[in-house]
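Colleague: Could you walk me through this fold and tell me what lies behind each label you use?

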Amino acid sequence: MQFKNEVEAVDALHQSFKNIQAEIGKVVIGQDEIVKSVLIAIFSNGHCLLVGVPGLAKTLLVQTVANVLDLDFNRIQFTPDLMPSDIIGAEILGEDRHFKFIKGPIFSNIILADEINRTPPKTQAALLEAMQEKAVTAAGVTHGLPQPFFVLATQNPIEQEGTYPLPEAQLDRFMFNISLNYPAFTDELTIVKNTTSNKTAQLNKIISASEIQYFQKLIRDIPITDNVLEYAVKLVAKTRPNSEFATAEINNFISWGAGPRASQFLVLGAKCHAAVSGKYAPDIEDVQAVAEAILRHRIVRNYRAEAEGLTTEKIIRNLF
């Protein structure tokens, strides 16, 4: 991609983002903020965890994003009997009496990890090596994954029976934890109208893998002022109980705060949020716009917070 300067490149990103949103909006109705968050994670080279009850179009959203972005897409349905080799692939004995590696479904640009908490830790760990290293190891050989590579995992918050909750260290690998709610009444009318007829939307491919990689590099080049950087890092530091920046509320209601990865994602997320909103540098509002999705799964409430009905989101908003 050739642009005269970075300002022109940011304008192109802003325009592409609007086109992608409009295209996805043909199929996914009324989830604008969710779509925006997923795209920000993709342009920031991060992974997403989508949490919502069944039937809120989580799978449809991920499939639609993959279609519009002209990327390879694979869906892995997580079940209690899924093995690591079912995801990453396995060595098999070929006709020529030599072992060869047969690639698993993880060799794709976008992976939909459906109901990731339904599979045992052994299989979750196989996916997490891929998320962190962008490579998988089988029989001692490391295989690189196609770039760009994103994991969009879904989780159902209602049923906890027969599930294996992701440990904190694994949750930390996800840039965003996006919470999906029921659609508004007017949106639901449109959804039902569209999905109970023969109407099908034609989706156009808006952007290619190489363009996404270009924009990922561009976002890292976006300048950030010292006061915004300091605000982002201080916001994360405030979530840590008994630290120098912790508020009384944090000391009373939080047992564990966010780590440095949260600060990195806040800065990257703010840069990307600014760029897709047509700005050339992030400000404090951009940090706040991505803070909830980044901090939600990184701070642990204690029993007192749960007893008083204090949500994680409210605690985060009180830090602004």
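Modeller: Gladly, and a definition comes first: a nonpolar core is a set of buried Ala, Val, Leu, Ile, Met, Phe, Trp, Tyr and Cys residues joined through side-chain atoms within 4.5 Å. Buried means under 20% relative accessible area, exposed over 50%, and partly exposed in between, using a 1.4 Å probe and protein chains only. The model is predicted, so local features need pLDDT of at least 70 and side-chain atom pairs count only at pLDDT 80 or more, while totals for chains, interfaces and linings use all residues. Residues are numbered from 1 along each chain as its sequence is written, and side-chain values use heavy atoms, leaving out hydrogens and water.

Colleague: Which residues have the most contacts inside the largest nonpolar core?

Modeller: They are F43 and F176, in a core of 73 residues. Helix α11 (residues 260-276) gives the largest share of this core, nine residues. A second, separate core has 26 residues, among them I87, I111, V136 and L171.

Colleague: What is F176 in contact with, leaving aside its neighbours within four places in sequence?

Modeller: Contact means heavy atoms within 4.5 Å. By that rule, the partners of F176 are S37, I40, A41, H47, C48, L49, V290, A293, I294 and H297.

Colleague: What makes the sheet open, and which strands stand at its edges?

Modeller: Strands are DSSP runs of E with at least two residues, helices are runs of H or I with at least four, and both are numbered from the N terminus. Two strands pair if DSSP finds at least two bridges between them. Here five strands form an open sheet in the order β2-β5-β8-β1-β9, with parallel pairing. β2 (73-77) and β9 (176-179) are the edges: each has a single partner strand, so one side of each lacks a neighbour in the sheet. From one strand to the next, the twist averages 20 degrees.

Colleague: How do you know that β1 and β9 pair?

Modeller: β1 (residues 48-51) and β9 share four bridges in the parallel sense, and the rule asks for at least two. V51 has S179 in β9 as its bridge partner. β6 and β7 also have four bridges, but these strands run antiparallel, with A138 opposite V141 in β7.

Colleague: What shows that the buried residues of α1 lie on the same side?

Modeller: The buried set is A9, V10, A12, L13, S16, F17, I20, E23 and I24. They cover an arc of only 155 degrees around the axis, and therefore lie on the same side of α1; the arc is that of the directions from the helix axis to the C-beta atoms. Their cover includes α2 (32-43), α3 (58-68), α8 (209-221) and α11.

Colleague: Where is P148, and what is the peptide bond from Q147 to P148, cis or trans?

Modeller: That bond is cis, with omega near -10 degrees. P148 belongs to the loop between β7 (141-144) and β8 (150-155).

Key:
Axes fitted to C-alpha atoms, helices over the stretch in contact; angles between N-to-C directions.
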